[in-house]
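Subject: The model for you to look through

Hello,

Here is the structure I promised to pass on. Please open it next to this message and follow along.

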Amino acid sequence: MARTFKQVLADAGISMDFEACGRAPETIVDREIKPEPHPRVEKLKNIFMQTLSTANNEFPYWYTREYMAHDSEIPVVRRARALKTAFSHLTPVIYPGEKLVMHKAHYFRGSFPMPWLSEGFYVAKEDELFQDALKRGSTSADEHSKFGSGGGNVVKSFNKIVSIAGKFGMRQEEVPALLKLAKMWVGKSVDDLGHKYEQKCPDYDVKEKCMRNIVCMFDSGYTLPQGREVINYYYPLEYGFDGLIKMATELRDKVAGNADGDGMVGTNRLYNYEAVILVLEGIQAWILNYAKEARRLEAIEKDAVQKKEYGEIAACLEWIAHNPPRTFYEAFQMIETIHLGVLNEDAISGMSPGRIGQVLYPYFEQDVAAGRITEDEVLELCELDRVVKTSIDCFASCGVVGGVLSGNTFNTLSVGGLNAKGQSAANRLEYLILQAGMTNPMPQSTIALLYDEKLPEDFLLLATKVIKTGCGYPAFMNNEIAIKFMCAQYGPEGMTPQEATAWAIGGCLESSPCCWLPLHLNGKEYMIPGGAGQPTSVGIHFMSLPKILELTLFNGQDQRTKEQVVPPHNKSLATYEELWTEFKNYWEIMCHALEKANNIQHDIWRKNNMAVFNSLLKPDCLSKGHLINELGYRYNATFNVESAGTANMVNSLAALKKIVYDDKKASLADIKAAILDNFGFKDAHEINSFSIADQQKREDDDRKWDKLHFMLLQAPKYGNDDPYADEILREWEEYFCEDCKDYKSLYGHPMYPCQISVSTHGAMGSACRATPDGRLSGTTFADASLSAYPGTDRNGPFALMNSATVWDHSHSQNSQLNIKIHPSAIRGPEGAKKLLDLSRAYMRKGGFHVQYNVVDTKMLRDAQEKPQEYRELMVRVAGFTQYWVEIGKSVQDELIARTEYEGI
Amino acid sequence: MTLAYRDTREFVPVDADKGLDRLTGKMVQADANAPAGYTKLPKCKFCKNYQEEATNMGVCAVSTMEPKFMAYGDMIAVTCEVYAD
Ligand code: SF4
């Protein structure tokens, strides 16, 4: 067998160690804590574990039928009518043992396509226009995105189940209907209309080449037009759906025909309120259909306990369809319903519930005090919520769902932070939420802990205990840093420092603007937090920094496809400064091309596909009479620029600076030649492993690149508290944070950096040739934005944290640092304390985010060989947790390769 | 008439391939035959307004659009106000 990368290095006496701070035990060490959920939860979880992601056409059928019948209607009303009809016709399904009910579609993990957003994929499949579609940028990402082969993914068609996009199963009987519905949207979908108009941009060609060559990962304007935001449950909780319809009706009548000084969109308020009423009626019908089903089941059920529960479910739904909730259970059911409702309105990933422990606290406090509910019953509901949230699937193309999201839907829940009075917001319910994350570990909701010095020590220690289960949450997020970012970004829209404290994580780790609103329950007022901003899922997403460096080195030509992506710069790159300048030039050329194209795509979305349900929930749409598309939200400066591959780009620049420009030990021409020859190694695709450690030498390799390769690998690397490399990171970050302000969203606001990789480091690495840091062709980039590249951080976690904090994290929406720790390194209460000290140290240094994978690498290797034995194994990927068996191989390989800390 | 599980009201669909038999609590294949006496689930294919034109595809006769809007036989119709058995 050909020698692997690791062996080649060992032969040369170079330790490219993937273990740091000690040695791991020889045998696999499991995580220390293994708690059990309540029996009811266990049963439902068992169903989940056997469930395949399934899509059907019910929602798109009724939506399309109503939409097509009203082609002369005002767009917002037409959309609302379609939504109302679709919601009203969703078939209810209630599983035995459920307490929190309702599903997106008629299956446990049900979802459905939305051809009004994009229909090309299905039409191309049918008409065998797939080859033609390949020329469209967005399909290129599909080729480089592979789902995990196990779990709930339907990777291949079987029996009467047709696999769609390698992820969803659809009944064969439904496929002709899907194709016919899709064809009705040809030329009308947001994708098609956006594509028609984006071509008018003078630099459209650059944009398409960026997509085709995976310099950029996806068309954010329509693929996931909403999400990575925090939902707001306040208005239905405070007023009930009947109250909201009454309010909208009164406001509609007041503003009808009245511009109120706004000659552009003032009169639109009439139609907007009309749309709000229609959608609310649709939501009510959906809830009442479920209530009817619960009554039907109550009538036929023989088991007395289950019969009583069906009755309670029906009573709860009948009440909340009209009124504000009175109890914790009713409030919990209501927020689940709202959540699923919003997710059914649009293709959304990252609609985060936010700080629900604080939203639901009024009901919890009063019910517990009155003896209406016990803490154990609350814990059970919190565990059930994890089944509900993990069952949520998002239907989008393979490239987006697999390559970007790893099938994850980012229903992140936030705990901690400060309350409206500036005190610790952690409450008793949040302790139970954390506990449920431990007793029922499932990927959703991923938990974000908004770390503040004012949070109680036992709360933080409980959080570290949860981390030790290996579930990958909670992540520590820096409250102080986020508040600074909020004030800077949303201050111009009127955000005060007090309102900034309401922030929460939307998506995996996107700081999102929120606000405080007064909830009244039995005469008592509580200030509760909730989302008040637009999605952060739109903008320039994601830019492959190592690929941009490749283009810079090769005069604008992609070395995988040989396509000229950007105009040649024709510079010799004789100095490091010239290289850096050209890198920035290319970055700017491509960002501007993508900025405009995505603005057009999203502009089409806002004209024809605007959010109505999500809008009415967000302040201040109801009072203003304007929805999301007319700046009804309180905060609109949310669009961003996303990067991937930061550590590889920094390490590559450091290697070039050191070897070529400072020490002059090799020429740029040599390094370019070595890159093209992949340092004598096979391409990662050839051996189907994307981890650097497993790469194999070609049989015909004459070792001519070995010396240069070793030199590049031993050049300064980020993550070691080495100023040589860290200074390059600092310079990049300061430039990046400032440069983003030059790109403006369609709402006229400046963008800002978002530094998460999600799973793009797999797909983007797969499309990138070898890089000057010694990384080999096709291998996965370092995850996140501040994680070290596998095997390169040799000085321990504190050194890594020093490197990560050389720049001011409050200038960015986020930053991301993931660390892999062997379970034996944090055993016992002492281990938990050490983990807390480490996290706290990072927060105090000004780090924004840190999270840990507590897992033995040997277990991951074993799981890759025997996935059937590891159905429940969860890992932290970038900003989220996912089942091992449901993530793609390139990301699995990178997780295995990450440096494992044996001690801290 | 023998019904497939997936065409009965006693079937609780888990995914496209299988579901629970609500009466026995067991996981069953969606395409397996249901025991005799299980209740027919309203679907377009059982509705008098459904006019099939191709396998699994047809039109809904009560559609007010011209031409009549499509329907597909396998769609569940428990929420359709004008389902006619
Ligand atoms: S949509 Fe309703 S009325 Fe039309 S065929 Fe289906 S069940 Fe019958």
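A word on conventions: residues are numbered from 1 along each chain as its sequence is written, while chains are lettered from A and ligands numbered from 1 in the order in which they are written. This is a predicted model, where local features need pLDDT of at least 70, side-chain atom pairs count only at pLDDT 80 or more, and totals for chains, interfaces and linings use all residues; side-chain values use heavy atoms, with hydrogens and water left out.

**Chain B**

Chain B has six strands and zero helices (DSSP runs numbered from the N terminus: helices are H or I with at least four residues, strands are E with at least two). Its C-alpha atoms fill a box of roughly 45 × 20 × 20 Å along the principal axes. Of the 85 residues in chain B, 56% are buried (under 20% relative accessible area with a 1.4 Å probe, protein chains only; exposed is over 50%, and partly exposed lies in between).

Seven residues of domain 1 of chain B are in contact with eight of domain 2 of chain B, contact being heavy atoms within 4.5 Å. Between them, about 650 Å² is buried, with carbon and sulfur atoms giving 53% of that (the accessible area, 1.4 Å probe, that two parts lose on being put together, summed over both). On the domain 1 side of chain B, B:Asp7, B:Lys40 and B:Leu41 lose the most area to domain 2, together 69% of what that side buries.

**Chain A**

Where does A:Asn56 lie? A:Asn56 is in the loop between strand S2 (54–55) and helix H3 (58–68) of chain A. A:Asn56 is buried, at a relative accessible area of 5%.

Helix H9 (residues 190–198) of chain A is largely enclosed by the rest of the structure, because seven of its nine residues are buried. Among the buried residues of H9(A) are A:Val190, A:Leu193 and A:His195. Their cover includes helix H10 (204–212) and helix H24 (576–608) of chain A.

Best wishes
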